[in-house]
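Please read the following briefing beside the sequence and the coordinates. It takes up charged side-chain pairs and then sheet architecture.

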Amino acid sequence: MRNLLLSAALLLAGPALADRFQAAAPVTAATVYPWGASVTREARLDLPAGAHELVIPGLPEGLDPASLRITGEGASIGAVGFQQQRALPATPAPTAELRAAEAELARHQDALARHDAAVAGIRARAEAAGDLIRFLMNLAESDAAGRGDIAALATTVGDRLLAARQAQVADRAETADRDRKDLALELARAEAQLAALSAPQPAGGTLVIALQGQGAPARIRITSLTHQAFWVPVHDLSLQRQAGRLRLDSGLLVSQNTGEDWLDAHLTFSTARPMDQSAPATLVPEFLRLASPRQDLALAAPEAKLAAPASLADAGAPVAGAVQTLLIGETVMHDYPTPVTLRSGADALRLPLGSHDLAATVLAEAVPRRDDSAYLVAEAVNTTGQAILPGDASFHADGALVGRGALELTAAGARMKLGFGPLDGIRLARRTPDESEGARGLVSKSSERRETALLEIRNLTDQEWPLRVIDQVPVSRQDELRIDWSADPVPDKTDPEGQRGLLVWQSRLLPGETREIRLTTRLRWPEGKVLIDAN
């Protein structure tokens, strides 16, 4: 920042340059990140050889001067100044666009003036013809008409009247006025174009660049960072149950609030996060001390603070649950091939990212401990050849929207499990029935607890379903706490994928069938101990 301000001061305090040019630098491209964007603007102008000063007004407010990067083709870049408060010391020379707009306005003004002059001539000739008609009519009615050759006079007056009437018909001004509307419309457009180019400079920053022209067309490229843009992945998943096929349509939802519209800009999307922490956190020594139980723990508080100085919070250590990792160890770039228009604060643009068909295994998954109906579940392998980015998702089953949710990051080749809504025709129940000795299903003693649960799954539909039932038993972390369980039928899997305590039964559920699973759990611990839930 200091270097840029110093450059601006030197630029303004130095000797006058040969010419000052002003040019617009619209946004031509942007690389959008999950948070923030790198925005590229371009200015093009014919630049004579020699030293010049280029003024680019209208840069958005809040632009960080330290993020500016400027390169040139057809010109060498010198000192750069970014002005946000004070006005320029002199009015820049008119641009080529302004001169062209002025010439276009003058051309349309001349065309309309010529048209109006022609219409005025038409009206003058029409009035002269009317005067002649009135003169001839009066002459025909005068006494002189009776003293002369009446036949010759009648012939002469008749011929002159016919010619005058024909002149009136041929010179109707209303016909010529039809063309004036088009000419006036073109003039209004030229006036609006000139007004837009001649209007006061828009609010925001002004870039002043000292450059050396090479006597050729110059192309100045300006790149800067902004926080006011983002993109998020969005997905549509469509399941065809009978075909066992899952259609994945992915897209990007992009928006920006930079204060300027991006018109016909080329967009690239990156999973990089330049606005976030870019280096691993730093650890400091952790000092511990012992104290007697009777010592006031408050005395240790000041020293405890030394173990975690306030500066650690400023080091950018990630907050648990606040950062979503898109990809590990690599950055993915998505280049959108067609230029798009993205207006500031107005547009939320969805761009297609790609579509893929995946083979899916469809089943009914039942969790009687938590749900009263089974759910339609599809399992598939990511065979797209690339990671599926995490984002909002819409779930469709056989053409119907069944839910909205989130799709997790799925690496290429990894398995994913997706839910497609409840199956109301498959009802679930989990009960603790009466035992034969009259006790309840849950029996508790001072050092023992026993529970018998009955899991019931009823298929009220007219079709057969692949079924997966999931339940759980407690897990002990102490040798003193013993946990025994039994199930009828025996589960097909225990502790799947390292999830301790989970039990899984897999089978097929026929139409109208009711399936029952009896699960008994026994917990024992030494006398004098108390059973607590460690979760």
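In this predicted model, Arg415 is exposed, with a relative accessible area of 55%, and its side chain meets that of Glu379 in a salt bridge at 3.8 Å, N to O. Glu379, by contrast, counts as buried, because its relative accessibility of 15% falls under the 20% limit for that class. Since Arg415 lies in strand 18 and Glu379 in strand 15, the pair ties together parts of the chain that are 36 residues apart in sequence.

**Other salt bridges**

- The structure holds 27 salt bridges, including one between the side chains of Arg427 and Asp372, which meet at 3.9 Å, N to O.
- This pair links distant parts of the chain, with Arg427 in strand 18 (residues 415-431) and Asp372 in the loop between strand 14 (348-366) and strand 15 (373-381), 55 residues apart.
- Arg427 counts as partly exposed at 26% relative accessibility, and Asp372 is likewise partly exposed, with a relative accessible area of 48%.
- A further salt bridge joins the side chains of Arg522 and Glu448 at 3.0 Å, N to O.
- Here too distant parts of the chain are linked, as Arg522 belongs to strand 25 (residues 514-524) and Glu448 to strand 20 (residues 448-459), the two residues being 74 apart.
- Arg522 is partly exposed at 33% relative accessibility, whereas Glu448, at 15%, counts as buried.

**Pairing of strands 4 and 7**

- Strands of a sheet pair through backbone hydrogen bonds, in either a parallel or an antiparallel manner.
- Strand 4 (residues 50-59) and strand 7 (residues 205-213) take the antiparallel sense, and their pairing extends over eight bridges.
- Which residue in strand 7 does His52 stand opposite? The residue facing His52 is Leu211.

Technical notes:
Residues numbered from 1 in each chain as written. Predicted model: local features only at pLDDT ≥ 70, side-chain atom pairs only at ≥ 80, totals over all residues. Heavy atoms only, no water. Pairing = 2+ DSSP bridges. Helix = DSSP H or I, 4+ residues; strand = E, 2+ residues; numbered from the N terminus. Salt bridge = Lys/Arg side-chain N within 4 Å of Asp/Glu carboxyl O. Buried < 20%, exposed > 50% of the residue type's maximum accessible area, 1.4 Å probe, protein only.
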